[in-house]
Amino acid sequence: MTLPFEPPSITPLAYFAMLVGDDDALPLFEAAVSLAQDEYPDLDVQQVLGDVDQMVARLRRRCPTDAGPMQRLRLLNQFFFRDMGFGGNVNNYYDPDNSYLNVILRTRRGIPITLALLWLELAQGMGLKARGVNFPGHFMVKVNLPNGQVVIDPFTGQSLSREDLSERLEPYKRRQGLVDDYDVPVGLYLQPANSRDILARMLRNLKEIHRTQEDWLRLIAVQDRLLVLLPDAWIEYRDRGLAWAEMGDPRQAVSDLEIYVTHTDDAMDRDAIERRMQELRRALS
């Protein structure tokens, strides 16, 4: 009896690495969906993509063939925020599930960056010139229209004026000392984010949640993805090494921390990390 051939399975991390290997062909939405495979190992990424394609088809059926960009934008916002009821998870903002697009599709609740990615996927399906914006503290989306630019808060669906954006920037500018002679125009904060930066922001959101909860195993899984995405982000080796130390694995910890100190001669915490490495080496002897 001949058994049917089964192709070798690919690990979630290897799948992610395959998706993010080439900037010019990086499928942002698929890569973002795949992040949930660490928490939901049985997740069918292609099924999620198909569900979103059905949403796009449903939205297109509502749109007149001669609709201009502004009408398409209004239809999209009506569909997304009102009819489908997507919005911010104000009651449990720091729930890790807010970073997983498969969950967002079920609960209709998320954080700005995940809501933005879903909104952008629909906007692309509507032929709108929309991009994500790495605005300080709160991810935004913007749409280029014939008569100008519209900036939208994906958490609430609110269109933001330049005055609104300036007001939201004030706390950040004060913390960074960007006042008076050091001030910069609002427009510099509205540059489109590239796919790799968006994925890094998603992962660092999860990283901070897991670090706060001292969930080292999940934190290490996030660090693995960050280092696939950003191989030269030496600080991520440091943070993964410290997480391995918390997990009680000094060998893995020393390996990562050595990479960090080798590539960061001028790091302010270099001496502290070297002392930590000495402690960990003693634990190995």
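Which strands does helix 6 (residues 112-125) lie across? I found that helix 6 lies across strand 3, strand 4 and strand 5, and runs at about 165° to strand 3. I took angles from 0 to 180 degrees between N-to-C directions, with axes as lines fitted to C-alpha atoms, for helices over the stretch in contact.

I noted that this is a predicted model, where local features need pLDDT of at least 70, side-chain atom pairs count only at pLDDT 80 or more, and totals for chains, interfaces and linings use all residues. Residues are numbered from 1 along each chain as its sequence is written, and side-chain values use heavy atoms, with hydrogens and water left out.

I looked up the elements: the protein has twelve helices and six strands (DSSP runs numbered from the N terminus; helices are H or I, at least four residues, and strands E, at least two).

Four strands form an open, antiparallel sheet in the order 3-4-5-6 (a pair needs at least two DSSP bridges). Strand 3 (129-133) and strand 6 (159-160) are at the edges with a single partner strand each, so one side of each lacks a neighbour in the sheet. Strand 3 pairs with strand 4 (residues 140-145) over five bridges, in the antiparallel sense. A130 stands opposite V143 in strand 4. Helix 4 (residues 69-83) packs on the sheet and touches strand 4 and strand 5 (148-152); contact means heavy atoms within 4.5 Å. The direction of helix 4 makes about 155° with that of strand 4.

Last, I checked the overall extent: the C-alpha trace spans about 80 × 75 × 35 Å along its principal axes.
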